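Please view the sequence and structure below before reading on.

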Amino acid sequence: MTPLAGCLLVSSLLFAIGLAGALTRRNAILVLAGIELMLNAANLNFIAFWRFGPHPEFLTGLMFVIFSIAVAAAEAAVGLALILAIYRHARTSDVSEITEMKG
Amino acid sequence: MMPSVSPVWIVQNLWLIPALPMVAAGLCALLKRKERGLSAGLAIGSMAISLLLSLKAFAEALAHPAIQVKIVDWMQFGDQWIQLGWLLDPLAAVMLVMVTFVGLLIFIYSLGYMAHDDNFGRFFCFLSLFAGAMLGVVIANSLLLLFMCWEVVGLTSYLLIGFWFQRPAAAAAAKKAFITTRIGDLGLLIGMLWLYSQSGTLVFYNKGFGCLEQGALTAMATHATVAGMAVSTAIGLLIFCGAVGKSGQVPLHVWLPDAMEGPTPVSALIHAATMVAAGVYLIARVYPLMSGAALEVVAWVGAITALFAACIAVAQNDIKRILAYSTVSQLGYMMLGLGVGGVAVGMFHLITHAFFKALLFLGAGSVIHGCTEEQDIRNMGGLRKFLPVTFATYSAGMLALCGFPLFAGFWSKDAILHSARDWDLSRGPFYLGAIGALLTAFYMTRQMYYVFFGPQRLTEATITPRAVAKHVPHGNAVEPVVSPRPGEVCAIEDPHESPAVMTAPLAILAFFAIFLGFVGTPAWPWFQNFINGIGVAFAWSGFSEPGLLSTMLISTLIVFAGLLLGWWFYGRKPIVRVTDPDALETLAPPLFRALGNRLYVDEIYSVTVIALSRFLAVFASWLDRFVFGGLVRLVSWTVTGVSWLDAGVDRFVVNGGFDEGCREVSRGGRLLSRLQNGRVQTYLSVIAAALVVLALWLLWGHRG
């Protein structure tokens, strides 16, 4: 097994775990955590394809990942703020209970 | 006698003669009931003008005895024009003068007779309409026009017989007259249609193209139909059916005696002088069509009618009914005359009869009027003293009817008997006619003795009304003889003479009843020659025709025998009491009863023809109700069933299917809407599943 294949296997495992968490958890914070896992699996792929790709001398992959982490941090902050606001309003963070806007 | 289209004014405007009384009738119909004088004036005035025009037409016919015609187009059928028209020939001219003259006298007489009636105006309206239609029959140059006027005549006859329709008997008699004559008219109508299909025209004379002219006649005479009979004979016999109905010949004579329920002037005008003679006139008019075989039938029917009706007249007790049967009998003579002797012989008797029979009826009306509506001759008696003018004129009419020598009826009846005696085919009609003449003299003598001689029985009769007449138990016969006219008070009073307005026409008619015969004596046969369109000269040698004098002798003897027999039975011992039995009844009760019941002809009809038609009516009603009605009901039930079925299908199949479809759609919607539950996680699960499937598919595709 090549190092690239090993990296991809880990990243896809991480993505699957994150997806499962995002889809099955009821708690909004845990759903957000699942999403973070899937995002990091994608970052891992960036690194892996950069490091074992044809031009490792350019720092393109690293740059993408640093951007991605920054954006993810901002996104997590917004997501947590939303969850806090919803919690204050509905007194719960269970996503299946927040059905006010359902038609 | 080549017909020609004449430019003469009177021929061009001959239509005015029937039109004037018709217009008068129309105006009378519009007048208020209380305008009595005006309506009578209109009727009489129009009749007088018609008489003047008729005299002018008569003068024209005297000057030019050829047939003069005027044809007018009436309406178009496809490429053919139906033509109507009128004609003037001696036959029509004589009839015109007779109808207008007798009609005028009867109109004037009606002024007196109907003076107390509420519906005076209606009476004159109907009389005028009748006169117009009758004159139309006379001048018609088309069988179609003749038929139309003929039917109007029938209608007015119906209206006038039923003039006092409050009386059930009058209403029934009117219906009977109308229906009975309709039976004959059916034959006439069929004959007319056949004639049209054979000759293509119904115009009598039209410059060689009419249906009574040589071309059409030859075609019809050579064309044979069933049993080798020529078409013209068959058509002639069918037309004769109409004449049988109208002129009261056996077997359709039953309506005429009942028609006496109408007012007496009506009986005189319509049912004695003019309308019933229309049948005779019709045969005279279509005479060229009548071949030997058809004339044979005419002669026999006439002879049988002459005797048959005379027999019945012997045993009647109603003064008008005796005259009615005598009319039937005399019409039989006219038919006999047409059959054996030709147009002139029949028409001569028609004209003389019109005068003396109108006289007799008006005299009878005067008697009835004088006796306050009494009509039973047994209740009269001795009226000679009370009604001298009526008695004198009535005697003249009676002698003319009997054929007393030198009176009008003598000459005309003698001509008929003479022709019948000379008839090649059979002597039968002559014997029938001769016996009829004997009976005529007998029953008229009987009537005279009952009415005018002996003691006066009227007062007795009014005080003790006769029990229901036992001779004539049949319906409307004599039973309620004393039936007060509506709107008139019936008071017990002595018989009285009628006013001058009634006796003057009697006197004029009596004059003609005595002297009219002299226009057609064997020595000076002006009338016959005029009808036949030839000149005339006076010659005593006319009497020397073989067999003529002996016939005259025979008929004179017959008349005297009849008068003597009448005297023997009724004059020898005066009839004193109302309840005295009839002399003939004591002699032969069953015979008298049978004759009194009119030989049961009505009864025979009621058990045969009427029963049959009633059975047919019941059968038709049954057929209608159950068979055709059943079919209709079946169809309606089928339709109802189909519609029920349709409604069921609609309700349960179509509607159900539609509802089911709707439910399915809505269920599908609900099912689909469950997918869209608003939970992001669910949506994402689907996406994830799709992603997995997509990844597997890609991997599968690149596995090798």
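Which residues does Phe355(B) touch, not counting residues up to four places away in sequence? They are Val102(B), Ala408(B), Leu509(B), Phe512(B), Ala513(B) and Leu516(B), where contact requires C-beta atoms, placed from the backbone, to lie within 7 Å.

The model is predicted: local features need pLDDT of at least 70 and side-chain atom pairs count only at pLDDT 80 or more, while totals for chains, interfaces and linings use all residues. Residues are numbered from 1 along each chain as its sequence is written, and chains are lettered from A and ligands numbered from 1 in the order in which they are written.

**Overall form of chain B**

Chain B contains 28 helices and three strands; these are DSSP runs numbered from the N terminus, helices being H or I of at least four residues and strands E of at least two. Values for the whole chain are tabulated here.

| Property of chain B | Value |
|---|---|
| Radius of gyration, over C-alpha atoms | 38 Å |
| Box of C-alpha atoms along the principal axes | roughly 155 × 65 × 55 Å |

A compact globule of 704 residues would have a radius of gyration near 27 Å, by the rule of 2.2 Å times the number of residues to the power 0.38. Of the 704 residues, 51% count as buried, meaning that 20 or more other C-beta atoms lie within 10 Å of the residue's own. Among contacts in chain B with a separation of 6 or more, 79% join residues 24 or more positions apart.

**Core**

The largest nonpolar core has 221 residues; such a core is a set of buried Ala, Val, Leu, Ile, Met, Phe, Trp, Tyr and Cys residues joined through C-beta atoms within 7 Å. Phe355(B) is one of the residues that touch the most other members, together with Leu96(B), Met134(B), Val280(B), Ala358(B) and Ala513(B). Helix 4 (residues 90-113) of chain B gives the most to this core, with 18 residues.

**A loop residue and a helix**

Leu212(B) lies in the loop between helix 7 (168-199) and helix 8 (214-222) of chain B. Leu212(B) is buried because 22 other C-beta atoms lie within 10 Å. Beyond four places in sequence, its contacts are Phe204(B), Tyr205(B), Leu217(B), Val286(B), Pro288(B) and Leu289(B).

In helix 28 (residues 680-701) of chain B, the number of buried residues is zero out of 22, so the helix lies largely in the open.

**Interface**

Seven residues of chain A are in contact with six residues of chain B.

Methods:
Buried ≥ 20, exposed ≤ 12 C-beta atoms within 10 Å, placed from the backbone. Contact = placed C-beta atoms within 7 Å.
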